[in-house]
Amino acid sequence: MYGIGSLAMQHVYTGKNAYMAYTEQDIARLILKYFRDEISPSETAHLERWLAESPQNRLFFEGLDDENDILQLMAMEEQDEEQGMKTKLLQEIQKRIGMEEKPVPAIGGRLRRWYGAAAAVILIATSAWFFWGQGNLEESVVDLPLVKEEVQDVLPGTDRAILTLSNGQQVELDNSGRQVITDGELAIANNGGELVYAASDKTVYNTMTTPKGGQYKITLADGSRVWLNAASSITFPTRFAGNAREVQVTGEVYFEVERNKKMPFVVKLPGDARVEVLGTHFNVNTYNDETYQTTTLVEGLVRVTNAGAQVELTEGQQASITAKHTTDRAIKVTEVNVEEVTGWKNNLFVFNEADIPTVMRQISRWYDLDISYNGPVPSTLYKGKIPRDFTLSQVLNALKLAGVHFKVEGKTLIVSGRNKK
């Protein structure tokens, strides 16, 4: 990737067609105006001339979805502006980022969309907010210099899973196209990342399992929709019969359950815990490396039971059960940030005062990596959002703004504090 400084001053027009010698700040300002859809026709002409100066200039411009180069762009802009320009720019982008992806005018015949570049800026801006210390935590905004460290890149997870049929046959699933899978006389549709079961007269059990670095969706025979996060599974019947609709899960799973008063929906968690619903939206997290099994209610009403204890949740509440290797199986109910809990389902990492181990567990599952700490675990707490379709290096470059350093060796991500190299 070319940096702004390596391109902006390379070419100067002379002679009768001379127009200006571009500085880094000039180019940065033009491109920022372009991303904000505020560029004038004359400024567009200047930018088009700069793009035409060399293939490297155009390659740089077309590669600006990378957050490091966007941040360099912001830094160049700040050199020429009074303090507070960064805040103004971020407020503008935040105002626009909630909009649907919006094409902006073409330059050189190429349509660009706002979202890619704007999301990268917001990613870094919000990731710079973090907390540290012990006791009463104080909110701090850190304006650290951009330090570009080489990190071996890893692609994000994708839609992939394994479907185990009733006869034990295993079928690999992905989002590459449409296919029909048969389990005896039952036909199952795999539609680009989502498995769909139609109504059936035959009741057999299937299991869907996602690996680390995988996720998948499924529509059950009753119309209920289920999202599986990485390293998760669900076992379910191909036809619901009797007095209840029962499924069994591991890992992290999000449900949108079809209402049926005559046949409650029951989710069996590892151990003795169960979640009972009529029709509602909720998230369960049962990863073995987490301290608690949690059920978080997004919409409706659920009842969580465990070893004789029972609670009912209202929207925004979470039921927590201590890890199964302890004797304490009480159910604790708390109010939680639902967006943080369900961000993965919306293709986001959402951190709300999350410590490094919490962040790294999510990184480990989604990028299929082991985590190792070089020295004491950094005490940084993160608050922000990061798109899950970013590569590992993009995510880590955001996290580094808080003074945490990373190195990838094979399948291991090594984490160290601000004083480590």
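Buried residues are those under 20% relative accessible area, exposed ones are over 50%, and partly exposed ones lie in between (1.4 Å probe, protein chains only). The structure is a predicted model, in which local features need pLDDT of at least 70, side-chain atom pairs count only at pLDDT 80 or more, and totals for chains, interfaces and linings use all residues. Residues are numbered from 1 along each chain as its sequence is written, and side-chain values use heavy atoms, with hydrogens and water left out.

L165 is buried, with a relative accessible area of 4%. L165 sits in the loop between β5 (158-164) and β6 (170-174). Strands (E, at least two residues) and helices (H or I, at least four) are DSSP runs, numbered from the N terminus. Contact is defined as heavy atoms within 4.5 Å. Not counting residues up to four places away in sequence, L165 touches V171, I181, T182, D183, I188, Y205 and N206. The C-alpha atoms of L165 and M208 are 8.9 Å apart, although 43 residues separate the two along the chain.

N206 also takes part in strand pairing, standing opposite F236 in β13. Two strands pair if DSSP finds at least two bridges between them. Strand β10 (residues 205-209) pairs with β13 in the antiparallel sense over 5 bridges. β13 also pairs with strand β14 (residues 245-250), again antiparallel, over 3 bridges. Here I234 stands opposite V249 of β14. Strand β13 (residues 233-237) is mostly covered, with 4 of its 5 residues buried.

Nonpolar cores were examined next. A nonpolar core is a set of buried Ala, Val, Leu, Ile, Met, Phe, Trp, Tyr and Cys residues joined through side-chain atoms within 4.5 Å. The largest has 41 residues, of which F255 and F282 touch the most other members. Leaving aside its neighbours within four places in sequence, F282 is in contact with V253, Y254, F255, V257, V267, V275, V277, T295, T296, L297, V298 and V302. Another core, of 26 residues, lies apart from it and has I363, Y382, A398 and L413 among its members.

Helix packing was described by axes, which are lines fitted to C-alpha atoms, for helices over the stretch in contact, with angles from 0 to 180 degrees between N-to-C directions. The axes of helix α9 (residues 356-367) and helix α10 (residues 392-399) come within 12 Å and cross at roughly 170 degrees. The two helices are therefore roughly antiparallel to each other. Angles over 145 degrees count as roughly antiparallel, under 35 as roughly parallel, 65 to 115 as roughly perpendicular and the rest as oblique. V359, M360, I363 and Y367 of α9 meet L392, V395 and L399 of α10. 8 of the 8 residues of α10 are buried, so this helix is largely enclosed by the rest of the structure. Among them are S393, Q394 and N397.

An open sheet of 3 strands has the order β25-β28-β27, with mixed pairing. Its edge strands, β25 (370-373) and β27 (405-409), each pair on one side only. The twist averages 25 degrees from one strand to the next. β27 and strand β28 (residues 412-416) pair in the antiparallel sense over 5 bridges. Within this pairing, K407 has I414 of β28 as its bridge partner. α9 packs on the sheet and touches β25, β27 and β28. The direction of α9 makes about 150 degrees with that of β25.
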